[in-house]
Number of protein chains: 2
Amino acid sequence: MIKKPLSQYTVQERTALLQETKEAYAAFQAKHLQLNMARGKPAPEQLDLSMPMLNALTAEMSMIAENGVDCRNYEALSGIPEIKALFGDLMGAPASKLFVGGNSSLELMFACVQIAFTKGIAGCPAWHTCDEVKFLCPVPGYDRHFGVTEYFGVKMISVPMLEFGPDMDIVQNYVESDPMVKGIWCVPVYSNPGGVVYSDETVRRFAALKPAAKDFRIFWDNAYFLHHLIDTPKQPLTIGAACRESGNLDLYYEFASTSKVTFAGAGVSALHTSELNLAEISKALGIQTIGFDKINQLRHVVFFKNADGVRSHMELHRQILKPKFDAVQEILEQELGALELATWSKPEGGYFVSFNAPKGCAKRIVSLCKEAGVTLTGAGATFPYGIDPDDSNIRLAPSYPEVDELKLSMKLFCICVKLAALEATA
Amino acid sequence: MIKKPLSQYTVQERTALLQETKEAYAAFQAKHLQLNMARGKPAPEQLDLSMPMLNALTAEMSMIAENGVDCRNYEALSGIPEIKALFGDLMGAPASKLFVGGNSSLELMFACVQIAFTKGIAGCPAWHTCDEVKFLCPVPGYDRHFGVTEYFGVKMISVPMLEFGPDMDIVQNYVESDPMVKGIWCVPVYSNPGGVVYSDETVRRFAALKPAAKDFRIFWDNAYFLHHLIDTPKQPLTIGAACRESGNLDLYYEFASTSKVTFAGAGVSALHTSELNLAEISKALGIQTIGFDKINQLRHVVFFKNADGVRSHMELHRQILKPKFDAVQEILEQELGALELATWSKPEGGYFVSFNAPKGCAKRIVSLCKEAGVTLTGAGATFPYGIDPDDSNIRLAPSYPEVDELKLSMKLFCICVKLAALEATA
């Protein structure tokens with residue numbers, strides 16, 4: 001293969017590349033692959049790491065939490081003290097400012113939006129009584145976040161992600177001038193999909209916001225704060241610490257979970273926010289449920305013992321994930337590096353690689369991959385309403401497939417990128 | 001004590017009874033009791049019955065469900081086939097018409113109301129866009145049901161409970177004439193608190209309703225269908241079977257859970273309804289969560305093996321609960337029977353005894369009990385908005401206290417009933 005940018009290819013070279021790429025694509029089709037890298041799912045060997053947790057609790061053990069609550073019975077809506085202490089240590093938040101729920105942090109995010117929509121928060125009118133409620137959505141972002149706000153009819157406004165977080169000038173301008181802007185979706189550490197880690201400066205600018213709406217909240221989804229791929233990860237400023245500095249205590253809801261620490265679907269989720277917000281949310285959640293699964297909370301505590309236990313466990317995840325992320329980088333560089341037709345993220349943690357194809361090519365690439373047996377996240381999924389105005393961004397999720405499968409998928413992916421790019425510039 | 005109705009007491013006899021009752025009350029105050037029979041909580045020894053479930057799954061077992069789904073990962077929003085089969089057997093419903101969720105059936109009920117409120121169901125407008133949405137509430141009923149509809153601003157209309165279910169003439173008239181009547185809360189077996197079991201005739205009349213609103217749904221909370229106190233319980237007609245007979249397939253949501261079978265707060269909940277309703281609800285629940293805890297679903301299946309396993313387990317609950325319910329009846333009869341100033345239910349299952357004090361006395365009785373150290377369910381809790389127009393009904397929850405404590409509490413309760421009644425007719 002010629003090592004130069006596609007833009008410098010002669011007509012003959014392009015023709016040759018197209019021919020060669022078509023043949024490679026046909027060869028892949030003949031393999032009848034059935035591979036899926038659509039979602040950020042842990043691989044079976046990652047889930048195996050937590051199997052001993054199933055033996056953590058036994059019939060002979062006491063199920064009484066340290067505050068006397070029987071984990072087997074009703075009560076203790078906001079979780080047992082032991083699990084609050086564990087999440088508090090990990091998140092750098094006081095245990096008293098934590099609500100620990102069920103298996104899904106998405107459910108807690110949904111609840112926070114639902115409460116504002118149905119009843120209103122901070123003394124403001126319920127959103128369903130408002131003409132138009134708006135959320136800011138840094139893009140590319142997480143489709144399930146956008147799904148929640150879309151469900152409640154919230155108008156979503158895209159904000160570009162930059163190197164160290166969302167474009168804060170744009171964010172600040174919207175938040176401080178428009179009282180109908182009620183929230184923003186953030187994944188501050190290893191953003192989904194871009195892998196961006198918000199700088200302390202970004203976090204401080206968030207914490208210093210003076211929203212036009214009293215019920216504006218930052219939805220700070222710290223889904224990947226424990227999910228490092230490098231040896232010495234950054235220790236970013238927490239939103240809680242920044243908001244204590246700025247005095248904006250009620251400005252944020254911070255979410256975390258063990259879904260990608262222990263079991264996806266059988267983990268524990270947490271919400272950290274101010275006392276006032278916690279009281280408001282607990283009251284509403286107490287209408288919806290009598291309580292969450294405290295036995296599973298206890299199971300996690302007994303299994304991990306403490307925050308260091310969690311961190312050592314995450315190191316085992318890293319050993320499984322690192323070779324996969326390396327393989328993605330290696331193949332992208334090898335197959336597409338010289339052509340200079342696309343860019344992609346080189347994340348230091350999290351679950352995704354964000355790929356920017358030539359404009360107008362993303363849907364075509366995903367469809368070409370699909371036809372050859374590899375399912376990717378749908379093009380557009382990383383934008384509100386599933387519409388990527390440039391039709392360029394594709395989220396790659398390397399965690400689930402085995403390394404060999406992943407390499408195969410990535411080779412096919414690169415072939416599809418080339419094919420789509422050649423077609424588009426034909 | 002004189003054995004005759006209070007209404008036939010002479011002035012002297014009343015004075016003597018008041019004196020004696022006051023002394024008995026003072027003696028209780030001196031004991032400084034701290035007892036709670038406010039909620040239908042399982043007793044610790046009931047929870048002990050399910051402790052072996054904590055050993056049901058081990059690190060060595062396969063976590064793959066029979067449809068190939070890994071219970072440890074995302075996916076399978078509506079639950080694994082094994083748990084659907086189990087609930088299907090127990091509920092007399094096809095497994096294909098089941099959604100099995102997390103630890104809380106209340107959460108599923110809340111979701112059903114929330115979806116109709118936020119998005120609308122059956123092609124009808126979202127309830128938040130309607131002027132006034134109404135629900136029928138058979139009374140006395142369950143405060144948490146009323147809490148859900150109150151939360152969403154639904155106007156609640158009380159309907160009297162009769163011997164075999166709600167007054168169906170009133171129900172039918174409302175449902176068939178008023179398109180703003182969108183639902184009714186039902187606990188068809190051992191109703192909370194009355195212990196009423198709906199007759200087949202009642203169930204058939206429900207199934208034959210021709211609602212004025214296309215989005216009217218029966219919220220059929222089968223919370224106690226496995227919770228018998230007698231040897232040969234009735235086998236009531238299921239709402240599913242009745243609706244198949246009548247052809248009204250989409251008319252109902254039926255809820256069940258293992259909260260009072262295994263662990264309150266760490267059980268599994270289920271929703272049975274039509275295919276069409278399931279599709280609508282699954283779609284909306286898929287916005288709120290990626291999935292529920294399938295490991296806990298598997299844990300239940302492995303522990304119980306099958307429906308008979310659940311039924312034998314319930315027999316063990318019965319052995320614990322029966323003496324408590326017997327003690328309540330015995331003391332009520334002994335202390336209040338002859339006086340003819342109150343009536344109470346004699347349930348054959350469920351978790352409650354419904355007590356009807358002389359009109360205007362319920363709040364006073366609960367307050368007298370509280371002052372002597374026994375907490376009861378708040379007076380009024382069994383009515384929408386917490387308002388019992390007669391101030392008469394009190395829900396007694398005998399499950400949690402030990403038998404000796406329960407007897408003590410019930411004796412105090414009877415003293416308080418007498419005191420309040422004597423004060424009221426002074």
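Domain bounds here come from an automatic or database domain assignment. For chain A that assignment gives domain 1 (6-46 + 311-424) and domain 2 (63-305). The C-alpha centres of domain 1 of chain A and domain 2 of chain A lie 30 Å apart. The model is predicted.

Start with confidence. Chain A has a mean pLDDT of 97. In chain A, 100% of the residues reach 70 or more. For the complex, the predictor gives an ipTM of 0.97 and a pTM of 0.97.

Next, the pair of chains. Chain A can be laid on chain B by a turn of 180 degrees and a shift of 0.0 Å along the axis, with an RMSD of 0.0 Å. The two copies are thus related as by a two-fold rotation axis.

The chains also touch each other. In this interface, 44 residues of chain A are in contact with 44 residues of chain B. On the chain A side, the elements that give two or more residues are helix H2 (44-48), helix H4 (105-118), helix H5 (143-151), helix H9 (275-288) and helix H10 (294-304). H4(A) gives the most, with 6 residues. By class, the side of chain A that touches chain B has 22 nonpolar, 15 polar and 7 charged residues. Which surface does each copy use? Of the interface residues of chain A, 100% are also interface residues in chain B, so the copies meet through the same surface.

Turn to the interior. Nonpolar side chains tend to be buried together in soluble globular proteins. The largest nonpolar core in this model has 274 residues. Among them, A:Ile365 and B:Ile365 touch the most other members. Not counting residues up to four places away in sequence, A:Ile365 touches A:Ala357, A:Ile394, A:Cys416, A:Val417 and A:Ala420.

In chain B, Ile365 sits in helix H12 (residues 362-371). B:Ile365 is buried there, and so are B:Ala362, B:Arg364, B:Val366, B:Leu368 and B:Cys369. What covers them? The cover over the buried residues of H12(B) includes strand S12 (374-376), strand S13 (393-396) and helix H13 (403-424) of chain B. Just after H12(B), B:Gly373 takes a positive phi of about 95 degrees.

Last, look at a loop residue. B:Ala38 is found between strand S1 (35-37) and helix H2 (44-48) of chain B. Is B:Ala38 buried, exposed or partly exposed? A residue needs 20 or more other C-beta atoms within 10 Å to be buried, and 12 or fewer make it exposed. B:Ala38 has 18, so it is partly exposed. Leaving aside its neighbours within four places in sequence, B:Ala38 is in contact with B:Thr375, B:Leu376, B:Thr377 and B:Ala397. B:Thr262 gives a further reference point: B:Ala38 and B:Thr262 are 224 residues apart in sequence and 21 Å apart in space, C-alpha to C-alpha.

How values were computed
Residues are numbered from 1 along each chain as its sequence is written. Chains are lettered from A and ligands numbered from 1 in the order in which they are written. This is a predicted model: local features need pLDDT of at least 70, side-chain atom pairs count only at pLDDT 80 or more; totals for chains, interfaces and linings use all residues. Copies are superposed by least squares on the C-alpha atoms of residues with pLDDT of at least 70 in both. Two residues are in contact if their C-beta atoms, placed from the backbone, lie within 7 Å. Helices (H or I, at least four residues) and strands (E, at least two) are DSSP runs, numbered from the N terminus. Ala, Val, Leu, Ile, Met, Phe, Trp, Tyr, Cys and Pro count as nonpolar, Asp, Glu, Lys and Arg as charged, and the others, Gly among them, as polar. A nonpolar core is a set of buried Ala, Val, Leu, Ile, Met, Phe, Trp, Tyr and Cys residues joined through C-beta atoms within 7 Å. pLDDT is the predictor's confidence in each residue, from 0 to 100.
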